[in-house]
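Hi,

Here is the structure I said I would pass on.

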Amino acid sequence: MALFDLPLDELRDYRSDSAEPEDFDAFWSKTLQEAREHDLDARFEPVDTGLSTVKVYDVTFAGFGGHPVKGWLRLPADAAQPLPLVVEFVGYGGGRGLPHENLLWASTGRAHFVMDTRGQGSAWGGGGGTPDPVGGAPAYPGFMTRGIDAPENYYYRRVFTDGVRAVEAARSHPLVDPTRTVAVGASQGGGITIAVGGLVGDLAAIAPDVPFLCDYPRAATLTDRDPYREIGNYLKTHRGRTDDVLRTLSYFDSVHFASRGRAPALFSTALEDQTCPPSTVFAAFNAWAHEDKKIEVYDFNDHEGGGPYQEATKLDWLRSYV
């Protein structure tokens, strides 16, 4: 697929038409307050992986509704004092994987926490281990329309809350320096990263790559590739529900979280990305409130984005922050 979205000069000025709910802040304040009524109950169990340079802990903490959420905490094996922390969120359909996977960030001398995404972990990678015990109204297969009948019921209300609680859980470990916390993720993980960046006010930096969950009104009508297409397929059956659906999604649009971002940010996008179209990524980037921000653009790439080149860019960029 050749370039299909706006020209790059227009992307740099693009702003979303997504309407922010008047009670957006109140909605999220109440959501997080309710979650924090449950004891965080973060537990770190050592895992025998056979690795000699990295220690791995099987983590369980209380997320949305007090539901148990899993994660891995990886530390350099010789860690003796609190370390900078990288909290990572994973892409759509994936889970936290196996304990010996994903050793990049711990290899830099930082603590690395990866959150399992509730109900996911069965589409690719090493799997996941966190169920989503909440039911919902009829939905199109996938996660994009689960509970879309109302903001209070929507799937990503639970996931974004889990993300905030994941930061709190990882920060509670004695070998983590909570003042030096970075959030990262690609695709769905990038969208969660932006949401967490808008909800947690004291992060040192964020780095979302080719982020999903941005600018729903444009994404749902611009691309016919899943997961955004799940929204259109739902509306093909539930005729006349478009305004209601967009209202629910507006509470979870990363564009609105971005306007509350208070940390330096490194975004990335790819100009042939039909999964997370570049205009939707620029919508979140242009809305990001902190003035210290930049975006890497990969002109002939699809949803793989910059791949290892972007990893190298992040490794260099983060040296200035943690």
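In α7, Ile231, Tyr234 and Leu235 meet Thr242, Val245 and Leu249 of α8, where contact means heavy atoms within 4.5 Å. Before the rest, note that this is a predicted model, with local features needing pLDDT of at least 70 and side-chain atom pairs counted only at pLDDT 80 or more, while totals for chains, interfaces and linings use all residues. Residues are numbered from 1 along each chain as its sequence is written, and side-chain values use heavy atoms, with hydrogens and water left out.

Back to that pair. By class, the contact of α7 with α8 has five nonpolar, one polar and no charged residues (nonpolar is Ala, Val, Leu, Ile, Met, Phe, Trp, Tyr, Cys and Pro; charged is Asp, Glu, Lys and Arg; the others, Gly among them, are polar). The axes of α7 (residues 229-237) and α8 (residues 242-250) come within 10 Å and cross at roughly 145 degrees. Axes here are lines fitted to C-alpha atoms, for helices over the stretch in contact, with angles from 0 to 180 degrees between N-to-C directions. Helices (H or I, at least four residues) and strands (E, at least two) are DSSP runs numbered from the N terminus. α7 passes α8 in a right-handed crossing, meaning the near helix is turned clockwise from the far one by less than a right angle.

Next, α4 (residues 155-171) and α5 (residues 188-199): their axes come within 9 Å and cross at roughly 65 degrees. That makes α4 roughly perpendicular to α5 (the label covers 65 to 115 degrees). On the α4 side the contact is made by Tyr156, Val159, Phe160, Gly163, Val164 and Val167, and on the α5 side by Gln188, Ile192, Ala195, Val196 and Leu199. The class count there is nine nonpolar, two polar and no charged residues.

α4 also packs against α2: the axes of α2 and α4 come within 10 Å, crossing at roughly 65 degrees, and the crossing is right-handed. Phe27, Trp28, Thr31, Leu32, Glu34 and Ala35 in α2 meet Tyr156, Arg157, Phe160, Thr161, Val164 and Arg165 in α4. This contact divides into seven nonpolar, two polar and three charged residues.

Now the largest pocket, with about 640 Å³ of space. A pocket is an open set of points on a 1 Å grid over the protein atoms alone, where a 1.4 Å probe fits, with protein on both sides within 12 Å along at least five of seven lines; lining residues have an atom within 4 Å of a point. The volume is the space filled by probe spheres set on the points, which are joined across faces, edges and corners. Of its 33 lining residues, Glu88, Asn102, Trp124, Ala186 and Glu311 are the closest to the centre. The lining divides into eleven nonpolar, 14 polar and eight charged residues.

Two backbone details: a cis peptide bond joins Asp226 and Pro227, with omega about 5 degrees. Asp41 has a positive phi of about 50 degrees although it is not a glycine.

Cheers

Definitions and conventions:
Parallel < 35°, antiparallel > 145°, perpendicular 65-115°, else oblique.
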